[in-house]
Structures are given as C-alpha cells and as structure tokens.
Amino acid sequence: MRVFTREITIQSRRRREVINITDHVEGFVRESGITNGIVLVFLPHATSALFANEDEPRIRRDYENLFERLVPANGDYHHNEIDNNADAHLLTSIFKQFYVLPIVNGELVRGTWQEVFLAEFDGPRSRRVVLVAIGE
Ligand code: ZN
C-alpha cells in the first residue's frame, strides 16, 4: 500500500462562494500514480466546507440561496461579539469538511453530475486543501 499526500491552495474571491475543485482532485489522483484505492479531501478550516453535486450556473445561485436560508449572513449571533463570522462557522458545521472518494483503474469515481466543491463561507481567503491518496 502507498500513501501520497499533497496540499493545494484555493483562492476564494467573495464572502460566500462555491468553487469547483474537481480538476484539482482528479489531477492529484493522476499524479499520485495510485490506480486502486481512495482519496481523502480535507479542509483544515472552520469556515469553509466541501460538498459534491452538480455544477451549473443557476444551481450555483440556488446553493448560495440555500446557504442564506439555512444561516442568514446578517443574523443575530453571539460569536459576532468577538468575530464577525458566526454565520460562516454555523454553515460549516452543517456541511462536511472531508470527502472520501474511490479510485478505480486510475480514475476518480464520481457520478455524472457530481463535482467536488469547496464552499467558502468567510471569503475572500486563501484556503488549504489537503489531499491524501491511499492504495496500490
Ligand atoms: Zn469566528
């Protein structure tokens, strides 16, 4: 069994934004040389998250509307007494901060409409993404 690790950086441009990072994950899998195993995608942050779903301009707007319905940006939050990003922490706690995807025959296994997104909730920022491929 081999383990191949890399950290990449993704720059967000808005406070809340969804960024498709699928090409980065697939490029990493190819570079890893691992043909059968799993890849872990992990965000070492408290105000951004991951999800896997369709990438299309209208549903991108729907994702952002969903975030606002779940946790309004201008709500009344206790954490905002010390830091103005309680909504970002709360949204992050609803979503995942890691994904594990299969690698089969050298390819990342995912659904046709399943792209890997980094959801930024407190941008613009530079976000670290830790990638770990494990397998043969
Ligand atoms: Zn905070």
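Visitor: What makes β4 and β7 a pair?

Guide: The bridge count. This is a predicted model, and in it six bridges join β4 to β7. Pairing asks for at least two bridges, so the two strands count as paired. They run antiparallel. One of the bridges links A49 to A119 in β7.

Visitor: Why is β7 called mostly covered?

Guide: Buried means under 20% relative accessible area. Six of the six residues of β7 (115-120) are buried, so the strand is called mostly covered. Both of its faces take part. E115, F117 and A119 point one way, and V116, L118 and E120 point the other way.

Visitor: Why does E56 count as buried?

Guide: Its relative accessibility is 19%. The limit is under 20%, so E56 counts as buried. E56 lies in the loop between β4 (48-53) and α2 (57-70).

Visitor: What makes the link between the side chains of E56 and R58 a polar contact?

Guide: The distance is 2.7 Å. A polar contact needs N or O atoms within 3.5 Å, one able to donate a hydrogen and the other to accept it. The side chains of E56 and R58 are therefore joined by a polar contact.

Visitor: Which residues of α3 are buried, and what do they pack against?

Guide: In α3 (86-94), the buried residues are A86, D87, A88, L91 and T92. The buried residues of α3 pack against β4 and α2.

Visitor: Which strands form the open sheet, and in what order?

Guide: The order is β1-β8-β3-β5-β6, with antiparallel pairing. β1 (2-11) and β6 (107-108) are the edges: each has a single partner strand, so one side of each lacks a neighbour in the sheet.

Visitor: How do you know that β5 and β6 pair?

Guide: Two bridges join β5 (98-104) to β6. At least two are needed, so the strands pair. I103 stands opposite L108 in β6.

Visitor: What does helix α1 touch on the sheet?

Guide: Helix α1 (22-32) packs on the sheet and touches β1, β3, β5, β6 and β8. Its direction makes about 150° with that of β1.

Key: Residues are numbered from 1 along each chain as its sequence is written. This is a predicted model: local features need pLDDT of at least 70, side-chain atom pairs count only at pLDDT 80 or more; totals for chains, interfaces and linings use all residues. Side-chain values use heavy atoms; hydrogens and water are left out. Helices (H or I, at least four residues) and strands (E, at least two) are DSSP runs, numbered from the N terminus. Buried means under 20% relative accessible area, exposed over 50%, partly exposed in between (1.4 Å probe, protein chains only). Contact means heavy atoms within 4.5 Å. Axes are lines fitted to C-alpha atoms, for helices over the stretch in contact, and angles run from 0 to 180 degrees between N-to-C directions.
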